Amino acid sequence: MAALKESDLRLFVDSVRRYFDVTSRIAPEITSAFLGVGTLPGHDFNGIVRFSGRFIGHVIVSLPAAALKELLLIQRETNLSQANLLDAVGEIANTLAGNARKTLGKDLEISVPTVVHGRSSGDTRTRAHPYVITFRWNTYPGMVCVDLAEVG
Amino acid sequence: MSSMKLLVVDDSNIVRSRIARVVQSGALGEVTLIGLARNGEEALRAARHAAPDVVTMDLTMPEMDGLECIPALLALHPKTRILVISALDDKSTAIRALRLGAHGFLPKPFSDDSLQLALTGLLDHQS
């Protein structure tokens, strides 16, 4: 299985920027991008989208509750229940994964998002060292883990 | 002129609520929200109950996805206009949705302004 190319990873960085910029008009600052080793620097709310087809693996979006509450309030959403926070992080994961298909190809199949409250164990890894992107949006930290490998 | 009837279809509660808020803000004129559906099957049930003039349709959804729902919904109500709102923003997906009968495509993420613009275009065409 071939690893993602750096240009492929770039599309996730651009998608993170675009998501927050469009939905909140506050652009995030990308603080680091590295190959993950051991426990990932995740947060309490996690959205996971799985890939199959030309690529296998998954993308995890991880944010603290405070960031999701702020994002919803900016969108004039007043229901800040745990269910809605999970829905929000799942929707972010869904959007980043869906946008990735433009670059990674239409043969990429994308699952509906699953959501997890509580620190994610990093899911079952496809690659020993997945790509990790950390960012800061509106003072809050966030993380995206891109664990994908090209089939064949 | 009678009020336009809008059905919102998306598996995300926050997206459904957001679209509903834009519609209920009055920015689009006389539009009545007739339902919020979480997948294609719920959309078809709602459409059998009341014919929508305009539908916002997500693509990636459990049970029945948007690409399956579009032709089924148009078979029920051929004059309904459908705006696809999806993160699957690659050209081939957009073309496939349009060939199935959708009338517009708004990629996610979207701003309230872009949603208003896209819906206004569809509503103007419908009236």
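**Helix packing and chain contact in a predicted two-chain model**

In chain B, helix α2 (residues 40-49) packs against helix α3 (residues 66-76) at an angle of about 15 degrees, and their axes lie 9 Å apart. The model described here is a predicted one. Angles under 35 degrees count as roughly parallel, and α2(B) and α3(B) are therefore roughly parallel to each other. The crossing in which α2(B) passes α3(B) is right-handed. On the α2(B) side, the residues that take part are Gly40(B), Ala43(B), Leu44(B), Ala47(B) and Arg48(B). They meet Gly66(B), Glu68(B), Cys69(B), Ala72(B), Leu73(B) and Leu76(B) in α3(B). Sorted by class, this contact of α2(B) with α3(B) holds seven nonpolar, two polar and two charged residues.

Followed along the sequence, chain B reads β-α-β-α-β-α-β-α-β-α. Its radius of gyration is 13 Å, close to the 14 Å that the globule rule gives for 127 residues, so chain B is as compact as a globular protein of that length. Along the principal axes, the C-alpha atoms of chain B fill a box of roughly 35 × 30 × 25 Å. Of the 127 residues in chain B, 48% are buried. Contacts in chain B between residues at least 6 apart in sequence can also be sorted by separation, and 66% of them join residues at least 24 apart.

Chain A is built from three helices and eight strands. Along the sequence, the pattern of chain A is β-α-β-β-β-α-α-β-β-β-β. The globule rule gives 15 Å for 152 residues, and the radius of gyration of chain A, 14 Å, is close to this, so chain A is as compact as a globular protein of that length. The box filled by the C-alpha atoms of chain A is roughly 45 × 30 × 25 Å, taken along the principal axes. In chain A, buried residues account for 42% of the 152 residues. Of the contacts in chain A between residues at least 6 apart in sequence, 71% join residues at least 24 apart.

A helix pair can be followed in chain A as well. Helix α1 (residues 6-24) of chain A and helix α3 (residues 82-104) of chain A have axes that come within 9 Å and cross at roughly 135 degrees. The helices α1(A) and α3(A) are therefore oblique to each other. As in the chain B pair described above, the crossing of α1(A) with α3(A) is right-handed. From α1(A), the residues Asp8(A), Leu11(A), Phe12(A), Ser15(A), Val16(A) and Tyr19(A) take part. Their partners in α3(A) are Ile92(A), Thr95(A), Leu96(A), Asn99(A), Ala100(A), Thr103(A) and Leu104(A). By class, the contact between α1(A) and α3(A) comprises eight nonpolar, four polar and one charged residues.

Finally, the two chains can be viewed together. In the model, 22 residues of chain B are in contact with 22 residues of chain A. On the side of chain B that touches chain A, α1 (13-24) and α4 (91-99) of chain B each supply at least two residues. The largest share of that side, six residues, comes from α1(B). The residues of the side of chain B that touches chain A fall into eight nonpolar, eight polar and six charged.

Note on methods
Residues are numbered from 1 along each chain as its sequence is written. Chains are lettered from A and ligands numbered from 1 in the order in which they are written. This is a predicted model: local features need pLDDT of at least 70, side-chain atom pairs count only at pLDDT 80 or more; totals for chains, interfaces and linings use all residues. Helices (H or I, at least four residues) and strands (E, at least two) are DSSP runs, numbered from the N terminus. The radius of gyration is taken over C-alpha atoms; the globule rule is 2.2 Å times the number of residues to the power 0.38. A residue is buried if 20 or more other C-beta atoms lie within 10 Å of its own, exposed if 12 or fewer, and partly exposed in between; C-beta atoms are placed from the backbone. Two residues are in contact if their C-beta atoms, placed from the backbone, lie within 7 Å. Ala, Val, Leu, Ile, Met, Phe, Trp, Tyr, Cys and Pro count as nonpolar, Asp, Glu, Lys and Arg as charged, and the others, Gly among them, as polar. Axes are lines fitted to C-alpha atoms, for helices over the stretch in contact, and angles run from 0 to 180 degrees between N-to-C directions. Angles under 35 degrees count as roughly parallel, over 145 as roughly antiparallel, 65 to 115 as roughly perpendicular and the rest as oblique. A crossing is left-handed if the near helix is turned anticlockwise from the far one by less than a right angle, and right-handed if clockwise.
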